[in-house]
Amino acid sequence: PKRVTTRTLQAMRDRGQAITMLTAYDFPTAKLLDEAGIDVLLVGDSLAMVVQGHDTTLPVTMDQMIYHAEMVGRASQRAMVVVDLPFPEGQIEITRSIEASARVLKETRCHAVKLEGGAEQAGRIEAIVTAGVPVMAHVGLRPQNIHVDGGYRLQRDTEKLVSDAKAAEEAGAFAVLIECVPASVATAITAAVKVPTIGIGAGRDVSGQVLVTHDIVGLTSGYTPKFTRQFADLGKGMRDAAKEYLEQVRSGGFPSDQESF
Ligand code: KIV
Ligand code: NA
């Protein structure tokens, strides 16, 4: 299949064709999503929460992001693969952000990075893009900022968010992800920029949608945000399979003669 690139996404946005994006953190999951026809795979720092079991996205390291990006990059035949710069690789000296971004292209088969922030990140975005690494900006709710914000909160400041997105576009970002804003704010942002906008908790009036895969297939337990939707219950499927297996082992039903040598 022909690889999705920054140009493909821009053409989809210009045509009004919805862009689809989901997170992936490992080979088998990335392969399934790629086969399903997903346009963009995100190796999100959300893996700190949904895979590593942390309470926030802050603990995951760059080395761990690279480890997961390698697996996803190896699995993807068609999807463009974007990798999050984890805290604080997108906040510290710009040269270190360039180094971290370059590792994504050199050490994994992934294609771009994402970093949190807008106007205040313009110089960093420009430097990374100049170095040859495409950048997706992430505005609105910024999970890496949780301790400054005092929790995960809906972001409502239309003027600030529009200027964040415009600054990111101006700096060379190929797309802007918008997290957790009123739909009307995402509408205003999408109208203000020419690059694709990808929403999560941002309503319908964006160029595409992204969700955390573990949420949509029922592999996260406990709190799930209002903006997600569970499309399958693989959690139940796995628990049922494990119960059936242990019953069969305990009852002598597994392995059968056919499953033995
Ligand atoms: O890390 C992540 O999964 C993300 C999405 C929630 C957009 O940044
Ligand atoms: Na993220």
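His68 is buried (under 20% relative accessible area, with over 50% counted as exposed and values in between as partly exposed; 1.4 Å probe, protein chains only), its relative accessible area being 11%. The model is predicted, so that local features need pLDDT of at least 70 and side-chain atom pairs count only at pLDDT 80 or more, whereas totals for chains, interfaces and linings use all residues. Residues are numbered from 1 along each chain as its sequence is written, chains are lettered from A and ligands numbered from 1 in the order in which they are written, and side-chain values use heavy atoms, without hydrogens and water.

His68 belongs to helix α4 (residues 62–75); helices (H or I, at least four residues) and strands (E, at least two) are DSSP runs numbered from the N terminus. A polar atom of the His68 side chain lies 2.7 Å from the backbone oxygen of Tyr25. Contacts (heavy atoms within 4.5 Å) of His68, not counting residues up to four places away in sequence, are made with Tyr25, Val43, Leu47 and Val51.

The sodium ion (ligand 2) is coordinated at 2.3 Å by Asp45 (OD) and Asp84 (OD). Asp45 is located in the loop between β2 (40–43) and α3 (47–50) and Asp84 in strand β3 (residues 80–84), so the pair ties together parts 39 residues apart in sequence. Donors are N, O and S atoms within 2.8 Å of the metal (3.2 Å for Na, K and Ca), and sites may look incomplete because water is not among the atoms.

Strand β5 (residues 135–140) is largely enclosed by the rest of the structure, because 6 of its 6 residues are buried. Val135, Ala137 and Val139 point one way from β5, and Met136, His138 and Gly140 point the other way. Strand β4 (residues 112–116) pairs with β5 in the parallel sense over 4 bridges, pairing requiring at least two DSSP bridges between the strands. Within β5, His138 is the bridge partner of Glu116.

The chain as a whole contains 11 helices and 8 strands. Its radius of gyration is 20 Å, close to the 18 Å that the globule rule gives for 261 residues, so the chain is as compact as a globular protein of that length; the radius is taken over C-alpha atoms, and the rule is 2.2 Å times the number of residues to the power 0.38. Buried residues make up 46% of the 261 residues.

Methods: A polar contact is a pair of N or O atoms within 3.5 Å; within protein, one must be able to donate a hydrogen and the other to accept it, and residues adjacent in sequence count only if both atoms are side-chain atoms.
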